[in-house]
Amino acid sequence: MSLSRKLNRGLAASLLAIAATLGTAQVSDAAPANLSCAYGHFCGVDDYGHSFDVWKCGVRVPIGLSGPGEMYNHQTPGTNATWYYANGQWVGVIVSGAHAYIDWTHIWYVQAC
């Protein structure tokens with residue numbers, strides 16, 4: 001495993017540990033089985049089947065998801081995706097290549113990079 005991959009995993013674990021203390025996400029290195037996400041994209045889905053698929057950098061996108069679900073950051077290495085509350089407050093980050101389970105209830109916006 002390359003040094004950069006190890007560093008990305010370490011960063012992912014650290015950042016999502018912070019997010020997990022807020023009750024927002026649990027990370028996994030495995031790609032999700034039920035979430036299709038093209039390379040270069042950040043995707044998510046809730047248990048109701050609502051989903052998002054974003055790729056444009058610097059743009060916060062309203063997602064309209066609710067309840068439990070998952071996300072996958074399938075962007076290029078080193079590209080982090082973030083998510084935000086309705087008031088624009090930053091909630092968490094997920095590094096490229098990571099998959100996470102999340103409660104989307106209070107998350108209103110995501111940003112690919």
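Let's start with what D46 touches. Leaving out residues up to four places away in sequence, D46 is in contact with L65, S66, P68, G69 and W104. Contact here means heavy atoms within 4.5 Å.

A word on the model. It is a predicted one, where local features need pLDDT of at least 70, side-chain atom pairs count only at pLDDT 80 or more, and totals for chains, interfaces and linings use all residues. Residues are numbered from 1 along each chain as its sequence is written, and side-chain values use heavy atoms, with hydrogens and water left out.

Back to D46. It sits in strand β2. Strands are DSSP runs of E, at least two residues; helices are runs of H or I, at least four; both are numbered from the N terminus. D46 is buried, yet it has no salt bridge. Buried means under 20% relative accessible area, exposed means over 50%, and partly exposed lies in between, with a 1.4 Å probe and protein chains only. A salt bridge needs a side-chain nitrogen of Lys or Arg within 4 Å of a carboxyl oxygen of Asp or Glu. So which side chain of opposite charge is nearest to D46? That is R60, and it is 20 Å away. For charges, Lys and Arg count as positive, Asp and Glu as negative, and His and the chain ends are not counted.

Y48 lies in the loop between β2 and β3. Buried or exposed? Y48 is exposed, because its relative accessible area is 60%.

Now the other end of β2, which covers residues 41–46. H41 counts as buried because its relative accessibility is 17%.

Next, the neighbours of β2. β2 and β5 run antiparallel, joined by six bridges. Two strands pair if DSSP finds at least two bridges between them. V45 stands opposite E70 in β5. On to β5 itself, residues 68–74. Five of its seven residues are buried, so β5 is largely enclosed by the rest of the structure. β5 also pairs with β8, antiparallel, over five bridges. There, G69 has I102 as its bridge partner.

Then β6. Four bridges pair it with β7, in the antiparallel sense. Three bridges join β6 to β9, also antiparallel. W83 faces both partners: it stands opposite G92 in β7, and its bridge partner in β9 is V110.

What about the inside? In soluble globular proteins, nonpolar side chains tend to be buried together. Here the largest nonpolar core has 18 residues, and those with the most contacts inside it include W83, W104 and V110. Such a core is a set of buried Ala, Val, Leu, Ile, Met, Phe, Trp, Tyr and Cys residues joined through side-chain atoms within 4.5 Å. A second, separate core has five residues, among them C43 and V45.

Last, the whole protein. Of its 113 residues, 40% count as buried.
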